[in-house]
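Open the model in your viewer and keep the selection panel at hand. The stops below go from one selection to the next.

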Amino acid sequence: MTGDPLAARLRGFGSSVFVEMTELAIRTGAINLGQGFPDTGGPPGLLAAASAAVDAGHNQYPPVRGVADLRAAVAEHRARHYSTPYDPDEEVLITTGATCGIAAALLALCEPGAEVIVFDPCYDSYAAGIAMAAGVLRPVRLRAEETGFAFDPDELRAAVTPRTRMLLLNTPHNPTGKVFTAAELDLIAECCREHDLIAVTDEVHEHLVYDGAVTRSLAQWPGMRDRTLAISGAGKTFSVTGWKVGWVCGPAPLVAAVRAAHQYLTFNSGTAFQVAVAHGLREHMGWVADLRADLAARRDLLAEGMAKAGLTAFRAEGTYFLQVDARSWGYADGVEFCRDLPKAGVVAVPTVGFYQGADPPRSLVRFAFCKRPEVLAAAVEALCASR
Ligand SMILES: *Cc1c(COP(=O)(O)O)cnc(C)c1O
């Protein structure tokens with residue numbers, strides 16, 4: 001075989017700066033605040049429920065829609081938190097993580113050439129998912145301002161063309177830590193209604209919001225429930241990112257379309273984990289409230305440490321992530337900053353890797369604070385010492 005065997009539509013998705021930074025952390029032994037996964041376990045009762053489900057014999061294929069009890073628990077959870085009712089049989093689909101739910105939605109609903117509006121920067125699977133569906137990503141820039149990250153409403157309006165099929169919204173937002181405001185959701189909903197767009201909302205960080213912030217779902221907005229696929233999952237809510245149990249809620253015709261694609265991607269997966277997550281959504285939301293409080297404290301620990309180390313950080317309203325401007329240490333380029341940072345004993349990832357549009361800002365860097373307080377304290381100490 002000669003040349004790169006990777007199909008043309010996936011060129012550029014072969015390997016990422018995230019892989020490079022993870023390898024750097026392993027090679028140098030630096031504290032890894034690059035990759036966003038928690039270093040403590042989920043609720044003990046949830047973990048026990050998964051073991052019990054294996055022992056009880058939940059080890060064969062789940063139904064194509066997902067375990068019925070989990071679909072019921074997801075519908076109860078959506079009704080409780082957002083007052084949006086869904087029929088567990090026709091309007092809820094369990095997926096192999098939120099990522100596969102999003103990929104299936106793109107594959108199911110986009111013709112080749114269909115345009116998908118995405119706020120930029122974005123979670124790295126979106127661009128790859130759109131490419132696999134042979135769609136076209138239309139970025140709308142989230143600008144780093146003093147008060148946080150925000151988009152220009154005119155830029156959103158200008159991104160819509162006759163080929164626009166879908167708007168993919170992630171709130172709370174990875175990698176910026178932004179939680180979209182009600183006023184912003186008004187604008188986004190208006191845009192979707194006016195141009196008859198399908199909204200796909202990635203809400204995996206729905207419970208990880210701080211300082212009394214409220215997570216809102218676009219599906220709650222007038223006229224939006226029946227054009228929105230609300231996607232979430234257990235990974236972030238219960239600190240079990242390896243379980244890959246996600247779900248898609250929406251009107252029956254859209255969910256049926258996603259199901260058609262998802263059944264030929266994985267069919268469905270993780271029966272025992274699904275049984276356990278149903279239990280978790282009903283019994284362990286108190287643990288999630290404690291996690292939220294813990295994460296807020298860890299965010300403060302890291303943010304205060306950054307200030308001490310002379311690094312300018314943006315306020316994280318949600319998620320696991322803090323954005324830092326490397327210019328405060330004299331770096332115009334976040335990639336260069338991240339390559340040097342292991343000498344200070346810490347690894348982070350340059351935010352430029354999450355941007356899809358032209359001329360991305362180069363100086364932003366993402367740090368994860370979903371680590372034990374002693375790990376964050378050691379990272380802060382190392383940063384201060386190396387200054
Ligand atoms: C972590 C993350 C996901 C992944 O969810 P899975 O359920 O593990 O597939 C999806 N979207 C965003 C924004 C994330 O941060």
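Where does the ligand sit? The ligand sits in the largest pocket. A pocket is, on a 1 Å grid over the protein atoms alone, an open set of points where a 1.4 Å probe fits, with protein on both sides within 12 Å along at least five of seven lines; a molecule sits in one if more than half of its atoms lie within 2 Å of its grid points.

Two notes on reading the model. This is a predicted model, in which local features need pLDDT of at least 70 and side-chain atom pairs count only at pLDDT 80 or more, while totals for chains, interfaces and linings use all residues. Residues are numbered from 1 along each chain as its sequence is written, and side-chain values use heavy atoms, with hydrogens and water left out.

Next, show the polar contacts, pairs of N or O atoms within 3.5 Å. A backbone N or O atom of alanine 98 is 2.8 Å from a ligand oxygen. On lysine 244, a polar side-chain atom lies 2.8 Å from an oxygen atom of the ligand. The side chain of aspartate 202 has an N or O atom 2.6 Å from a ligand nitrogen. Alone, the ligand exposes 390 Å², and the protein buries 93% of that (Shrake-Rupley method, 1.4 Å probe).

Now select glutamate 203 and arginine 78. They form a salt bridge, with the closest N and O atoms 3.0 Å apart; the term means a side-chain nitrogen of Lys or Arg within 4 Å of a carboxyl oxygen of Asp or Glu. Glutamate 203 is in the loop between strand S8 (198-202) and strand S9 (228-233) and arginine 78 in helix H3 (residues 68-82), so the pair ties together parts 125 residues apart in sequence. The structure holds 25 salt bridges.

Last, look at the backbone. Most residues other than glycine have a negative phi, and most peptide bonds are trans. Threonine 171 and proline 172 are joined by a cis peptide bond, omega about -10°. The bond from asparagine 174 to proline 175 is also cis, with omega near 15°. Proline 172 lies in the loop between strand S7 (164-170) and helix H7 (182-194), and proline 175 is in the loop between S7 and H7.

Notes. Polar contact = N/O pair within 3.5 Å; in protein donor to acceptor, adjacent residues only side chain to side chain. 1 Å grid on protein atoms, 1.4 Å probe; cavity = no way out; pocket = protein on both sides within 12 Å on 5 of 7 lines; lining within 4 Å. Helix = DSSP H or I, 4+ residues; strand = E, 2+ residues; numbered from the N terminus.
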